[in-house]
Amino acid sequence: MRIDLLPVFDKEGERVELDYSFEQDDESFVTPVSVTGFVENRTGIVRISAAAKFDYAAPCARCNKPLLRHATVPVKHILVSELSEEDDSDEFILVEDRKLDVDALVCEDAYLSIPYRLLCKPDCKGLCPQCGADLNEGPCRCEKAADPRWDALKDLLNGT
Ligand SMILES: [Zn+2]
Ligand SMILES: [Zn+2]
């Protein structure tokens, strides 16, 4: 959705409500992205204050199990028609032609909020690097053979 911000930039107190959803062309987004909030000119400062909600899918970084997560992402920025050097941060968004591409802005915030590495549980044991077995389901055979501590213990028991 693109909104024309000219009336908002021009008039203090002007407000545009946001309540819509859009499809994101990315297979990790399993639901449309719903956006609720507003763009408002308060005392001459134009800001967007919204929340984006969607479900996304990603594999566990250790065991590769497919995971489904819900995300609620705040989309809060100050919208400016000109950017000075001091304003060069994520907080300030330059709106060229006074037209705001809300979808693009929401997507940017959404991608930044999705964790780079998801884990199915904090102590996920992952897959055995040798046989690929899921170690959450129990130890595999090669694990013991490959563990030098096990050999040391055996030596101890055998009295060698
Ligand atoms: Zn896992
Ligand atoms: Zn193994």
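## Terms for the metal sites

Four donors count as tetrahedral if all angles lie between 85 and 135 degrees. Donors are N, O and S atoms within 2.8 Å of the metal (3.2 Å for Na, K and Ca), and water is not among the atoms, so sites may look incomplete.

This is a predicted model: local features need pLDDT of at least 70, side-chain atom pairs count only at pLDDT 80 or more, and totals for chains, interfaces and linings use all residues. Residues are numbered from 1 along each chain as its sequence is written, chains are lettered from A and ligands numbered from 1 in the order in which they are written, and side-chain values use heavy atoms, with hydrogens and water left out.

## Overall fold

The protein chain has four helices and seven strands. Both are DSSP runs, numbered from the N terminus: helices (H or I) have at least four residues, strands (E) at least two. Along the sequence the pattern reads β-α-β-β-β-β-β-β-α-α-α.

The chain has 160 residues, and 34% of them count as buried. Buried means under 20% relative accessible area, exposed over 50%, and partly exposed in between (1.4 Å probe, protein chains only). Contact means heavy atoms within 4.5 Å. Among contacts with a separation of 6 or more, 51% join residues 24 or more positions apart.

## Zinc site, ligand 1

Four cysteines hold the zinc ion (ligand 1): Cys 60, Cys 63, Cys 120 and Cys 124. Each donates through SG, at 2.3 to 2.4 Å. The donor atoms subtend angles of 105 to 113°, which makes the arrangement tetrahedral. For four tetrahedral donors, the ideal angle is 109.5 degrees.

The donor spacing in sequence is C-x2-C-x56-C-x3-C. Cys 60 sits in the loop between E4 and E5, and Cys 120 in the loop between H2 and H3, so this pair ties together parts 60 residues apart in sequence. Cys 60 is buried, at 3% relative accessibility.

## Zinc site, ligand 2

The zinc ion (ligand 2) is coordinated by the SG atoms of Cys 128, Cys 131, Cys 140 and Cys 142, at 2.0 to 2.3 Å. Angles of 104 to 118° between the four donor atoms make this arrangement tetrahedral.

In sequence the spacing is C-x2-C-x8-C-x1-C. Cys 128 lies in the loop between helix H2 (102-113) and helix H3 (141-146), while Cys 142 lies in helix H3, 14 residues away. Cys 128 is buried, with a relative accessible area of 7%.

## Nonpolar core

A nonpolar core is a set of buried Ala, Val, Leu, Ile, Met, Phe, Trp, Tyr and Cys residues joined through side-chain atoms within 4.5 Å. The largest one has 36 residues. Leu 5, Val 39, Ile 48, Phe 54, Leu 79 and Leu 100 touch the most other members. Helix H1 (6-10), strand E2 (15-22), E3, strand E4 (45-59), strand E5 (66-80) and H2 each supply at least two residues. E4 gives the largest share, six residues.

Beyond its neighbours within four places in sequence, Leu 100 is in contact with residues including Leu 5, Ile 48 and Leu 79.

## Aromatic cluster

Phe, Tyr and Trp rings (the six-membered ring for Trp) pair if their centres lie within 6.5 Å; planes under 30 degrees apart count as stacked, over 60 as edge-to-face and the rest as tilted. The structure holds four such pairs. Phe 29 and Phe 54 have ring centres 4.8 Å apart and planes at 35°, so the pair is tilted. Phe 29 is in the loop between E2 and E3, and Phe 54 is in strand E4, 25 residues apart.

Phe 54 also forms a tilted pair with Tyr 56, at 6.0 Å centre to centre and 50° between the planes. Phe 29 and Phe 54 are both buried, and so is Tyr 56. Phe 29, Phe 54, Tyr 56 and Tyr 111 form one aromatic cluster.

## Glu 40

Glu 40 lies in strand E3 (residues 33-42). Glu 40 is buried, with a relative accessible area of 11%. A polar contact is a pair of N or O atoms within 3.5 Å; within protein, one must be able to donate a hydrogen and the other to accept it, and residues adjacent in sequence count only if both atoms are side-chain atoms. The Glu 40 side chain makes a polar contact of 3.2 Å with that of Arg 15, and one of 3.3 Å with that of Arg 42.

Asp 97 is exposed, at 64% relative accessibility, and Arg 98 is partly exposed, at 27%.

Key:
Tetrahedral: all angles 85-135°; square planar, octahedral: opposite > 155°, others 65-115°.
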